[in-house]
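Welcome! Take a moment to look over the sequence and the model, and then let us walk through a few of its residues together.

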Amino acid sequence: MDKFTRATQALSDQTRLHILNVLTIQECCVCEIMQALDISQTRASRNLKILNDAGFLKMRTDGLYTLYSLGDTDAKSFRYHLLKAVSIAMKKNPETYKDVERLNNPNRGGIKCERIRK
């Protein structure tokens, strides 16, 4: 499949747009994405895989955790420009404020990320 087609298809889902928006703030593990978006582990992992396969993410390992961050920061890349457009569009979405609040308040009920922030 064409790289551009795969990238635009990855952006066709609201959950993936919210994940990208959270990752503009900080790198996250799966459980932090779960908390920020208030979604299941399966849903978070599935959508992170789609974004990674489309070339939007970088992954690194920190002990037991796989951390995700935005990739492709080359200003000449079409992915870079797509991420900029997503970032601008998501700033106008009131749901993104809830995501950020949940991300910054990891002590809410339910599953908690035990990863130590550096």
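Setting aside neighbours within four places in sequence, valine 30 is in contact with Gln41, Ala44, Ser45, Leu48, Thr66 and Tyr68. Please keep in mind that this is a predicted model.

Where does valine 30 sit? Its place is in helix H3, which covers residues 30–37. With a relative accessible area of 18%, valine 30 counts as buried, because that value is under 20%.

Leucine 67 leads us on to the strands. It is the bridge partner, in S2, of arginine 60. Strand S1 (residues 57–62) pairs with strand S2 (residues 65–70) in the antiparallel sense, over six bridges. The hairpin of S1 and S2 has two residues between the strands, and glycine 63 takes a positive phi there, near 65 degrees.

Another positive phi belongs to aspartate 38, a residue other than glycine, with a value near 55 degrees. You will find aspartate 38 in the loop between H3 and helix H4 (41–53). Is aspartate 38 buried or exposed? Aspartate 38 is exposed, because its relative accessible area of 52% is over 50%.

Here are the two accessibility values side by side.

| Residue | Relative accessible area | State |
|---|---|---|
| Valine 30 | 18% | buried |
| Aspartate 38 | 52% | exposed |

Key
Residues are numbered from 1 along each chain as its sequence is written. This is a predicted model: local features need pLDDT of at least 70, side-chain atom pairs count only at pLDDT 80 or more; totals for chains, interfaces and linings use all residues. Side-chain values use heavy atoms; hydrogens and water are left out. Helices (H or I, at least four residues) and strands (E, at least two) are DSSP runs, numbered from the N terminus. Buried means under 20% relative accessible area, exposed over 50%, partly exposed in between (1.4 Å probe, protein chains only). Contact means heavy atoms within 4.5 Å. Two strands pair if DSSP finds at least two bridges between them.
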